[in-house]
There are 2 protein chains.
Amino acid sequence: MDRKKPPPEQTPPDLQRLDAQLCFAVYSTMLGFNKVYRKLLKALGLTYPQYLVMLVLWEHDGLRVSEIGERLFLDFPTLTPLLKRLEVQGLVTRRRSASDERQVIVSLTEAGTALKAQAADVPGCVATALDCSLETIGDLRSRLVALRNNLMQQD
Amino acid sequence: MDRKKPPPEQTPPDLQRLDAQLCFAVYSTMLGFNKVYRKLLKALGLTYPQYLVMLVLWEHDGLRVSEIGERLFLDFPTLTPLLKRLEVQGLVTRRRSASDERQVIVSLTEAGTALKAQAADVPGCVATALDCSLETIGDLRSRLVALRNNLMQQD
DNA sequence: CAATATTAAATCGTGTGCTATGTAATAGCA
DNA sequence: TGCTATTACATAGCACACGATTTAATATTG
């Protein structure tokens, strides 16, 4: 009578545990960030992805859609409707480029530019919610960026 | 003729830069993870969130929807349709609890259980894409979990 | 025991994010 | 110069994620 079970053929159990997955830590942290940002950005009338777009434009106004997409690692099907909604809100304009009509230039309106001052408290409030040192934040950030760049290279 | 501009009233510019935001590092890292997981999980017929649900059930079969939600920090509007699709794929069953009919118990089917072995290579392939040490991964994971818990406490 | 409050899940509506596809403009080549 | 290939963006369809609301079951209270 053979009581000895064969060794499992799959990955050792602990590598397939939810909490062993770095991706789940990233995913669930992002869920947490969304929760915090949703509250903070509600007063500004922005969703989190819209806020990211505004951050990009506040830094460098008048970009092509593709340039915004490159900056945020987002594609056209995501950006086009999102930018349309920002345009409807009067925060940006979308104009065909005169030199190349395939390109759409996204520019801040006065209201869009003015929104930057209203959003000035956001990073501080987020830092408060995080409740950890600037050094930790900076270290985490640069490590995540390195991972992101590795992941984005997969093809 | 006053050539001196008044100091800006908003947050110092570097705090409102996109790349200064930890949340953007997390967000864009998750975009990268999605890209990698989408490819790996395609052969299993799973999306990334569905994979997370399967990880939970492989660990502990027969949970209530709310228990899965607590485990993954996800709400009913997300989980109900997702679980329905897993049921349609024949990977889980959803049954009303006899002792409390408000509760739905989610159980793995034979196919759902068997899928675990097919998914055995996933964590290893992800680790390869990450191209960094297990120690780094573990450290990042625990730090992110700490942040997540802080963020989730905001209310 | 009946009425009310609470709980668990389902549904609805909105905004993403991505693959696939379509449209229009520009570039490149013979 | 005309044709083809490439580029930039828009659209379509699907799967999330979440606040708001609804439905049904259970718990609590008088």
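How many residues does the contact take from chain B and from chain A? It takes 61 residues from chain B and 61 residues from chain A, with contact meaning heavy atoms within 4.5 Å. Keep in mind that this is a predicted model, where local features need pLDDT of at least 70, side-chain atom pairs count only at pLDDT 80 or more, and totals for chains, interfaces and linings use all residues. Residues are numbered from 1 along each chain as its sequence is written, chains are lettered from A and ligands numbered from 1 in the order in which they are written, and side-chain values use heavy atoms, leaving out hydrogens and water.

About 6,200 Å² is buried between the two chains, and carbon and sulfur atoms give 67% of that. (Buried area is the accessible area, with a 1.4 Å probe, that two parts lose on being put together, summed over both.) On the chain B side, B:Gln16, B:Tyr27 and B:Leu151 lose the most area to chain A, together 11% of what that side buries.

There are also 4 salt bridges between chain B and chain A, that is, a side-chain nitrogen of Lys or Arg within 4 Å of a carboxyl oxygen of Asp or Glu. One joins B:Asp139 and A:Arg143, at 2.8 Å from N to O.

**Around DNA strand D**

| Residue | Part with the N or O atom | Distance to a phosphate oxygen |
|---|---|---|
| A:Thr80 | side chain | 2.7 Å |
| A:Val104 | backbone | 3.3 Å |
| B:Thr47 | side chain | 2.5 Å |

Technical notes: Polar contact = N/O pair within 3.5 Å; in protein donor to acceptor, adjacent residues only side chain to side chain.
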